Each structure stands twice: as structure tokens, then as C-alpha cells.
Amino acid sequence: MQPDQITIDRLAINGGEPVRTEPFPNWPVFDDREERLLLEVLRSGKWGELTGDKVTTFASRFAAYQGAKYGICVPNGTMAIQLGLKALGVGPGDEVITTPYTFVATASAALLLGAKPVFVDVKADTCNLDPERLEAAITPKTKVIVPVHIGGQPVDMDGVLAVAKKHNLRVLEDACQAWGAEWSGTRVGALGDLGCFSFQAGKNINAGEGGIVITNDPELAELCWSLHNVGRVRGGEWYQHEILGWNFRMTEWQGAVLLAQLDRLPEQEPVRERAARYLDTALETIDGVEPIAVDPRVTRHAHHLYPIRYDRSRFGGKTRDEFLEAFKAEGISCASAGYVPLTSSPAIHKTIAEMFGRDSLAQLDTCPVADEVSRDVFWLTQMALLGDQQALDDTVTAIRKIQAAWS
């Protein structure tokens with residue numbers, strides 16, 4: 001179908017034929033590798049981290065994959081962030097600087113430790129935290145900076161680490177969407193004091209749930225291990241609890257699945273990369289949609305998401321959300337509006353007001369770029385990036401069809 005042949009009554013949302021009727025690839029991807037490892041766990045009778053070897057093997061392999069010496073697995077990415085913040089000394093009354101354009105866990109992990117999240121606006125071109133705004137947010141209560149590598153694109157870690165060093169602050173990387181990503185040749189998670197990753201059901205490495213904290217610091221590694229294992233110490237007695245900790249241990253079932261998923265990741269990475277490059281080129285020919293910029297210092301992108309900036313003026317004034325409704329009607333099911341900024345989250349507002357007073361809510365009005373991004377950017381999920389060439393072509397065609405109908 002040629003764009004000049006398209007009229008608004010032919011949009012699928014108005015009863016026309018959709019561009020795509022075939023489904024996108026299923027997720028998760030699995031095969032006999034997961035089955036074999038899960039059967040090993042079942043038959044061993046060793047189903048917990050402290051008795052089996054799957055979790056510890058995965059932790060070691062994944063840490064090495066990210067360029068770190070140590071890894072401590074936990075049940076999910078939220079716990080990974082909370083564990084990391086606790087290990088870095090975050091407690092009641094402290095402040096943790098992060099981005100508002102992220103999943104709620106980045107901020108809730110701090111709040112659950114009694115600390116206040118302080119939000120720094122994002123860069124309009126990359127949607128990642130803007131290091132140039134960090135210093136203005138630092139106070140005597142600031143303890144940790146938490147940059148988030150959104151969609152698999154690393155934050156400007158040169159800028160973040162320079163500010164942290166200048167002010168003697170610790171850095172915890174929220175790399176929950178950035179498996180294998182690199183900043184200037186170094187894998188993320190190994191750039192700060194600690195790095196946190198998620199293996200939740202929608203992630204590029206997936207065990208239904210799961211997470212890990214990685215580090216190159218042996219003392220932090222031991223502290224994280226103790227905190228995740230109810231305060232025990234390696235080589236100590238079963239009921240010897242030296243500090244207060246949580247039971248944040250991963251099961252051997254998760255570890256088994258993750259070993260297979262990690263083995264498969266290198267097979268999928270070039271598929272995601274080729275898809276992203278194809279979309280970069282194809283979208284250049286459509287006025288009104290623009291891929292989010294990638295910093296040239298990013299030497300490897302995880303491509304968990306493919307964010308696109310939408311210009312409503314080139315689509316007849318229709319909002320991004322109206323576009324997404326039409327887009328999905330055309331059979332492009334793997335698209336999302338993305339995050340609502342945490343500066344607008346009712347849960348974050350309520351909790352900050354309860355813990356720190358209503359006057360603290362004033363700082364939530366200081367991130368206009370994140371507000372703009374949340375209004376004008378949409379994501380293609382990894383299912384689009386793992387699709388075949390026809391799936392990619394259909395995605396582009398659907399955008400063209402909608403624009404032609406609304407112009």
C-alpha cells in the first residue's frame with residue numbers, strides 16, 4: 001500500500017484492514033537448555049541457593065560477563081537496588097539522587113530504607129539522567145547517586161563519576177535494563193561502586209523474577225552477601241547473625257533458567273542490534289518520528305527498548321497516546337507509552353509527604369524535561385527488535401499509514 005493511497009477511513013482503528021495480522025515473536029525464548037538445567041535441580045533435591053550450585057555459578061558468570069569480580073543474586077531487581085543502597089550506607093534521613101524517568105523501584109528502594117529520593121531531570125536527547133544538573137541537587141544529606149541506564153543505553157558515566165568523586169559520593173548503577181551494555185568500552189554495573197540488574201519476566205535475560213548486585217569491591221561484596229543472607233558470614237555457624245539482613249536469596253530454579261538465558265544472550269544481541277540499525281535508517285525517512293539519540297561514547301547498547309520521539313504536529317495534532325491506539329490497531333502490539341515520571345507518581349508523592357513533610361513535595365516540580373519525554377516518547381519493546389524483517393517493515397509501514405491518514 002502506497003502512502004498516497006491511504007485515507008483515514010482505511011485505518012484499522014476505523015474499521016480498515018490492519019497492516020499486520022501476524023503476531024510478534026513470543027517471549028520468553030527457551031529451549032531444551034532450560035529444561036535440562038531445571039531437571040538437574042529437580043533431581044538433585046538441592047533447590048536453595050545455599051545447597052545447590054546453579055545460583056553461585058550464574059552469579060560468577062554474569063559478574064564476569066559485566067566485567068566485575070563479584071555477584072550476589074537476589075529474588076528480583078527491586079531487592080537488588082535496596083540491597084545495594086543498604087550496603088552503601090543509606091538509611092533514615094539520607095538522600096539518594098536519581099532520575100524521575102525510571103521504574104518506581106529505583107525510588108521506592110530508597111524510601112523503604114527511610115531515605116528520600118531526590119530527582120534530577122533528564123537530557124532531552126537521550127532521556128537519561130543529566131549529569132550537568134547533579135551538583136545543584138547535592139546537599140549535606142546526599143549519600144548515593146543512582147544513574148539509570150534506560151532501555152539499555154548507558155548514562156553519561158563520565159559526568160556522573162566526576163561529580164561523585166568531587167563530592168565524595170557513592171554510585172549505584174541501576175542497570176536493570178542494560179545487560180552487556182558498555183560505556184567507553186567498560187560494561188555497565190562495573191563503573192560505579194555497585195551495579196544492579198533485573199531478570200524479571202520482560203527482561204532480555206529472564207527467569208520470571210530475579211536480580212543481581214555486582215561489584216569489584218571485595219568488602220562491599222561480602223557485605224552484600226551477608227545482608228542478602230540474614231546477616232550471616234561466610235564460614236560462620238547457621239545461627240550466627242553478625243548484622244541485621246534480609247532473606248534475599250535466589251532459588252536454584254531461577255539460577256538454572258538464568259544460566260541458559262545467559263548462554264543464549266550472545267545469540268540475541270546481534271539480532272537486536274541489526275533491528276535497531278534498520279529502524280534508525282528507516283525512520284529517517286518519516287518526518288515526525290525520531291529515534292532517541294545514542295551518545296557516541298556508548299560502545300555497546302543492550303537494546304531492551306527502542307524509544308522513539310513523536311511529533312504530534314506531523315500527525316495532524318494527534319497526541320502520542322492517540323497514535324499508539326492507532327498503531328496497535330494496525331497490529332503493532334509491542335509498543336508502549338513508557339514511564340510516567342516518578343515526580344508525578346501518587347505513591348511517591350504520598351510517601352515523601354508522610355516521611356519528610358509536604359514541603360518536600362516542592363522539589364518534585366523541577367523536572368520539566370522528564371515531563372516532556374513522558375508525553376512525547378513511546379517505546380518499541382524487545383519483541384519488535386527480535387522480529388524478522390517483515391515485522392520491522394510492517395512497523396515502519398504502520399507509522400507511514402497513520403501519518404498519511406492524519407496529514
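Colleague: Where does pLDDT stay under 50?

Modeller: Keep in mind that this is a predicted model, and pLDDT is the predictor's confidence in each residue. Here pLDDT stays under 50 over residues 1-6. For that stretch the model has 8 contacts beyond four places in sequence.

Colleague: And what does the chain average?

Modeller: The average pLDDT is 96, with 98% of the residues scoring at least 70.

Colleague: Which elements have the lowest and the highest mean pLDDT?

Modeller: Strand β5, residues 170-174, has the highest mean at 99, while α12 has the lowest at 94.

Colleague: How many of the lining residues are nonpolar, polar and charged?

Modeller: For the largest pocket you get 13 polar, 10 nonpolar and 3 charged residues.

Colleague: What about the second largest pocket?

Modeller: That one has a volume of about 230 Å³. It is lined by 16 residues, with T56, A59, G71, W225 and R234 closest to the centre. α2 (54-65), β1 (70-74) and α7 (218-228) each supply at least two of the lining residues. By class, the lining of the second largest pocket has 8 nonpolar, 4 polar and 4 charged residues.

Methods. Residues numbered from 1 in each chain as written. Predicted model: local features only at pLDDT ≥ 70, side-chain atom pairs only at ≥ 80, totals over all residues. Heavy atoms only, no water. Nonpolar A, V, L, I, M, F, W, Y, C, P; charged D, E, K, R; others polar. 1 Å grid on protein atoms, 1.4 Å probe; cavity = no way out; pocket = protein on both sides within 12 Å on 5 of 7 lines; lining within 4 Å. Points joined across faces, edges and corners; volume = space filled by probe spheres on them. Helix = DSSP H or I, 4+ residues; strand = E, 2+ residues; numbered from the N terminus. pLDDT = per-residue confidence, 0-100. Contact = heavy atoms within 4.5 Å.
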